[in-house]
Amino acid sequence: MTKSELIETLARQQPHLALKDVELAVKCIIEQMSETLASGERIEIRGFGSFSLHHRPPRMGRNPKTGESVSLTEKHVPHFKPGKELRDRVDATREKCKIVD
């Protein structure tokens, strides 16, 4: 699902809200979550999951085009850990949706 599909779905489910209001709400939520992670804070949404930052230490990598070794600097990357309720819900629909590994 893309952001525009999410906005359309929410607008259909909430017909009393204008499409622009739904779009603004979704964009504000995403922006606030991005700012929170960028400031180094953690986000926890009960029943859904948590977003946090993981530290990646500096390391030697390889340029896939040339094969040359490249020094990569340390960085923080966003990480999502699903909550138990989300994991259980996804697992319960596994058979219904015929998901294969």
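Select arginine 42 to begin: arginine 42 is exposed, at 52% relative accessible area. Exposed means over 50% relative accessible area, buried under 20%, and partly exposed in between (1.4 Å probe, protein chains only).

A word on the model before moving on. This is a predicted model, where local features need pLDDT of at least 70 and side-chain atom pairs count only at pLDDT 80 or more, while totals for chains, interfaces and linings use all residues. Residues are numbered from 1 along each chain as its sequence is written, and side-chain values use heavy atoms, with hydrogens and water left out.

**Stop 1: the charged network**

The term salt bridge stands for a side-chain nitrogen of Lys or Arg within 4 Å of a carboxyl oxygen of Asp or Glu. Side chains of opposite charge can pair when their charged atoms come close. Glutamate 44 is partly exposed, with 42% relative accessible area.

What does arginine 46 form with glutamate 44? A salt bridge, and the closest N and O atoms are 2.6 Å apart. Arginine 46 is exposed, at 73%. Show the three residues together: Arg42, Glu44 and Arg46 are linked in a network of salt bridges.

**Stop 2: a neighbour in a strand**

Go to serine 50. Serine 50 sits in strand S2, residues 49–56. Strands (E, at least two residues) and helices (H or I, at least four) are DSSP runs, numbered from the N terminus. Is serine 50 buried or exposed? Serine 50 is buried, with a relative accessible area of 9%.

Draw a line from serine 50 back to arginine 42. Their side chains make a polar contact at 3.4 Å. A polar contact is a pair of N or O atoms within 3.5 Å; within protein, one must be able to donate a hydrogen and the other to accept it, and residues adjacent in sequence count only if both atoms are side-chain atoms.

**Stop 3: helix H3**

Select residues 84–92, which make up helix H3. Find lysine 84 and aspartate 88 there, four residues apart, about one turn of the helix. Their side chains meet in a salt bridge, N to O at 2.8 Å. Lysine 84 is exposed at 55%, and aspartate 88 is partly exposed at 41%.
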